[in-house]
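Subject: Structure handover

Hello,

Here is the structure I promised to pass on. Please open it first, then read my notes below.

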Amino acid sequence: MQESSSIGLVAPQTAHFKDPLTLKSGEILPQFDIVYETYGTLNAAKSNAVLICHALSGNHHAAGKHANTDKHPGWWDNLIGPGKPLDTNRFFVIALNNLGGCHGSTGPASINPATGKPWGSRFPMVTVEDWVASQARLADHLGIHQLAAVVGGSLGGMQALQWTLHYPDRVRHALVIASAPNLTAQNLAFNEVARQAIMTDPEFYDGDYYEKDAVPRRGLRIARMLGHITYLSDDAMGAKFGRKLRDGNFKYNFDVEFEMESYLRYQGDKFATAFDANSYLRMTKALDYFDPAFACHGDLSLALAKAKAKFLVVSFTSDWRFSPARSKEIVKALLDNELSVSYAEVTAAHGHDAFLMPDAHYHQILRAYIDNISTGTSA
Amino acid sequence: MSTKFAQAAENRHDFALIAKWIQPRSKVLDLGCGDGALLGYLRDKLEIKAYGVENDDANLLDCISNGISVIQMDLEAGLAGFDSLSFDYVILSQTLQAMVNTEGVLREMLRVGKQGIITFPNFGYWRHRIQLMAGHMPVSDRLPHQWYNTPNLHLCTIDDFESLCDKMGIRITDRIVINEGTTVGFMPNLLGSLAIYRFEQAWPITY
């Protein structure tokens, strides 16, 4: 095993884009900011860049710490760093906050230049395609024509896949982890419940709560609680909480009694103070809309015919939200197009969240694949 | 990387024999591909488009380290995910005898591939027969396990395999039987320890 360590202290940067971005919905974002972080050094040929795409509630802070006093490092710190599976001694890693987010990139809480007020309800719908287009602008801004790899889990995996379709010559490898070619009806249903929880919160004010000095915390909290249930497997929940009681006995009231309730309330509260409800609504819609086969009459193989990249597809056995069967659909479509693809179905108990965990075999797979990614330009 | 696979082939006489049956730049699927050594050898030698199927985590990891495209799946469940006749060759190297669903995997090989290539240890090899006559289950270089820990379920002789092919409408196009790296022409079912076959569907099947 190689020595690995944290990337250390990192600082976010902001890129401002003056040219308008026409979105898939037809709406136009007149200008926008993207906040991002980079880890490692871009080589002279600018051929060693790897883009990290975040999932539903992620952001640009993927590795390292902003201050030594930070309690936790970035959300994928176990993957990214010197000597880690995505080795910053070899690669220049870019992580960004997607448009519509709430961590610095232009989103619903940003000021709409046309009105001088927060966008709020008027912030347009953004899609995976729009994100990839904006990420390509960021790559241009950094002087990078071709990415060595795009890496993402869940909604991030959808972006990695979309890169290979939208910019087939600009990405050499795509790592599509715990993802799917589109959402199932059940997944659409979960997203709708999450959105209804937010939109029926009296503090939501049709999305224009910023001006009212209100925050639809209760709705966002419930949306997040629901999400957390679906990201874990029944087994993982059982192992972690089971039917454990906080005080050992029933109290016959509605206070927190089970540890499970305590965990969900804690996660919901934590998230509701850190995330913006309008962003959450748009992230779930981006998930719902993603469906590259839609324009090809449901034929995913036809949709993926544009891709040229090499692929690593990874799924987790206990992930019922983005099940192995969905990853296999992607693999099948890649095989139909005779593309280079490896597929690993990792035995893991953690459900959908497994893609963020440092499972030894999972990380060995990623390391083995990434070690074979050349940092030179493709022939 | 190329020298690595060439070195592996030096200890595996069947690799070079299989390579003779494979057209350059064709598309090859290796079922139960292990660490990907055969595919790597064929890819370096013949520029084939190579894919492996492997269900074992450690083998899968070796394949990925070796730069071999590999799909993790259980062969016993069939080859759903691979289109019919989407490969020129489907190889099953020293794995048939460990399969539960022997006929199923043969059928799937010829559904997905235009031709199948298979290797298996010949149970009819004379050393195996002598051990049986002495009252013991055979143990040899080709069958290294004891009866109680062998992964093998469906051992067969050369004659047995050919009978099954006949029954299933599979036409054998080529056969090589070897023993200790040398081709055996005379009484192969007695004198050969490893059989290598190339075969195809005898009549067209529409899927």
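Start in chain A, at Leu245(A). This residue sits in a loop of chain A, between helix H5 (234–240) and helix H6 (259–274). The model is predicted, so please read everything here as computed from a prediction. Which residues does Leu245(A) contact, leaving aside its neighbours within four places in sequence? They are Phe250(A), Glu257(A), Phe258(A) and Glu259(A). Take Glu257(A) from that list. Leu245(A) and Glu257(A) are 12 residues apart in sequence. In space, their C-alpha atoms are 5.6 Å apart.

Now the interface. On chain B, 19 residues are in contact with 19 residues of chain A. The area buried between the two chains is about 1600 Å². Carbon and sulfur atoms give 54% of that area. Which residues of chain B lose the most area to chain A? Leu61(B), Ile64(B) and Gln72(B) do. Together they account for 32% of what the chain B side buries.

Next, the polar side of this interface. The rule finds 13 residue pairs in polar contact across it, both residues being at pLDDT 80 or more. It also finds two salt bridges between chain B and chain A. Asp83(B) forms a salt bridge with Lys332(A). The closest N and O atoms of that pair are 2.9 Å apart.

Where on chain B do the touching residues come from? The largest share comes from H4(B), with five residues. By class, this side of chain B has nine nonpolar, six polar and four charged residues.

Last, the aromatic rings. Over all chains, the structure holds 24 aromatic pairs. Take Phe82(B) and Phe87(B). Their ring centres are 5.9 Å apart and their planes stand at 65°, so the pair is edge-to-face; the cut-off for that label is over 60 degrees. Are these two residues buried or exposed? Phe82(B) is buried, and Phe87(B) is buried too. Chain B also has an aromatic cluster to look at. Phe120(B), Phe161(B), Tyr197(B) and Phe199(B) form it.

Best wishes

Technical notes:
Residues numbered from 1 in each chain as written. Chains lettered and ligands numbered in written order. Predicted model: local features only at pLDDT ≥ 70, side-chain atom pairs only at ≥ 80, totals over all residues. Heavy atoms only, no water. Contact = heavy atoms within 4.5 Å. Buried area = accessible area lost by both parts, 1.4 Å probe. Salt bridge = Lys/Arg side-chain N within 4 Å of Asp/Glu carboxyl O. Polar contact = N/O pair within 3.5 Å; in protein donor to acceptor, adjacent residues only side chain to side chain. Helix = DSSP H or I, 4+ residues; strand = E, 2+ residues; numbered from the N terminus. Nonpolar A, V, L, I, M, F, W, Y, C, P; charged D, E, K, R; others polar. Phe/Tyr/Trp six-rings, centres within 6.5 Å; stacked < 30°, edge-to-face > 60°. Buried < 20%, exposed > 50% of the residue type's maximum accessible area, 1.4 Å probe, protein only.
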